[in-house]
Amino acid sequence: MKDQVYNIFEQQQTDRGIDLEAVKQKLKEIQVETPSWGYGDSGTRFKVFQQEGVPRNLYEKIQDAAQVHKHTGICPGVAIHIPWDQADDYQEIKRFAAEHGMKVGAVNPNLFQDEDYKFGSVSNSNPKVRKKAVEHLLECVQIAREVGSKDLSLWFADGTNYPGQADIRKRKHWMYESLAEMYQALDDDMRMLIEYKFFEPAFYHTDLADWGMSYNMAMKLGPKAEVLVDTGHHPQGTNIEHIVAYLLDEKRLGGFHFNSRKYADDDLIVAAHNPYELFLTFFQIVSAQNDSDAGIRKTTENIAYMLDQCHNLEPKIPAMIRSITNVQTLYAKALLIDLKEVEDAQQKQDVLAAENAVRKAFEFDVTPLLNVVREEMGVPANPLEAYLSSSYGEEILARGKGGASW
Ligand code: PSV
Ligand code: MN
């Protein structure tokens, strides 16, 4: 598809001093994991609308995730959530995934859907509940070992609804003690990715409310603990890319849960509402990829990119593909930023020129570039169109309604 439009684009970028081959390489290398739960039925606290064709078990979720990979070429991993994805034989799951060209990605313990966790899990004042929570965390480490995953993604619903409801400082200590036990159980090449969220389901305080608390926890635990940024977990107006830059510089950015938010933790299709935010996030990553500090460069190589979404109204596989292509588009644009131009403007303290150097990359149409990258990767130029014109969506209707739900 190196047509005339691409040739003009190539010339334009070469004239700007952009190494287009290096950009293409980066676009081929990025991998984004999709979440098993994003293929199941989901809803709001008002209603879960059931869709026809939703996977009924982990095998079918893996098959659906394999469709996303087949059409995009950059999604070979599927994250699992335990016990939603509990299996009798995880070796078999690993084999099944491999047969479909897939692998199991991050293992997510679920410490929020058991009656015992009403007042918290790892920071519950009841030692029996904390013990049960730690046992679940250890079980998930073992599952990760069996499926061959290196990442444990941790999110805690722990928190309180009212002032005085619990002792915040004691809860902080209990959480640390619980996570330290888990940390001890990790293999050398495993990681704990610690997520944070400032509200929901608790509305007064959350035990890990922001990146600083996750970072502090990770620092106390040790080098195998890093921070996971879920883009939907911040108050309105938060500068996410600043958090990303800070964590990259501290070499503690472990991963992302990408999704869009408009008001709360809306878990919508990536970049549906504010594509510029994701572009600026990738700007920080691209800038760190080119840092003179090898440790920072290495951190960028180990970022676990994951989606964390639920599609309440829209069909799930197409929504996932749309999210992935949005990620690619914004990463491609960020890779077109002339970092030297930005740096020169910064040195001159030329505010307008610096902002312009960043923004103009956002304004390029990267469709011809992505067409060529996809062609070279052997996937369709338009992944969503290709999926929609395949028969898969029709075939899975035979599963009927009432598939997996959370
Ligand atoms: C919580 O809102 C979260 O972002 C965590 O990552 C959970 O594991 C996931 O959503 C699914 O509930
Ligand atoms: Mn998340």
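I count as donors the N, O and S atoms within 2.8 Å of the metal (3.2 Å for Na, K and Ca); water is not among the atoms, so sites may look incomplete. The model is predicted: local features need pLDDT of at least 70, side-chain atom pairs count only at pLDDT 80 or more, and totals for chains, interfaces and linings use all residues. Residues are numbered from 1 along each chain as its sequence is written, and side-chain values use heavy atoms, with hydrogens and water left out.

**Manganese site**

I looked up the manganese ion (ligand 2). Its protein donors are Glu195 (OE), Asp230 (OD), His257 (ND1) and Asp308 (OD), at 2.1 to 2.2 Å. Histidine 257 sits in strand 9 (residues 253-258), and aspartate 308 in the loop between strand 10 (304-307) and helix 11 (316-335). The pair is 51 residues apart and links distant parts of the chain. Helices (H or I, at least four residues) and strands (E, at least two) are DSSP runs, numbered from the N terminus.

I checked burial next (buried is under 20% relative accessible area, exposed over 50%, partly exposed in between; 1.4 Å probe, protein chains only). Histidine 257 is buried at 1% relative accessibility. Aspartate 308 is buried too, at 11%.

**Helix pair**

I turned to helix 2 (residues 20-29) and helix 14 (residues 367-377). They pack at about 60°, with axes 10 Å apart. Axes are lines fitted to C-alpha atoms, for helices over the stretch in contact, and angles run from 0 to 180 degrees between N-to-C directions. I noted the contact residues (heavy atoms within 4.5 Å). Helix 2 gives Leu20, Val23, Lys24, Leu27 and Lys28. Helix 14 gives Leu369, Leu370, Val372, Val373, Glu376 and Met377.

Technical notes:
Chains are lettered from A and ligands numbered from 1 in the order in which they are written.
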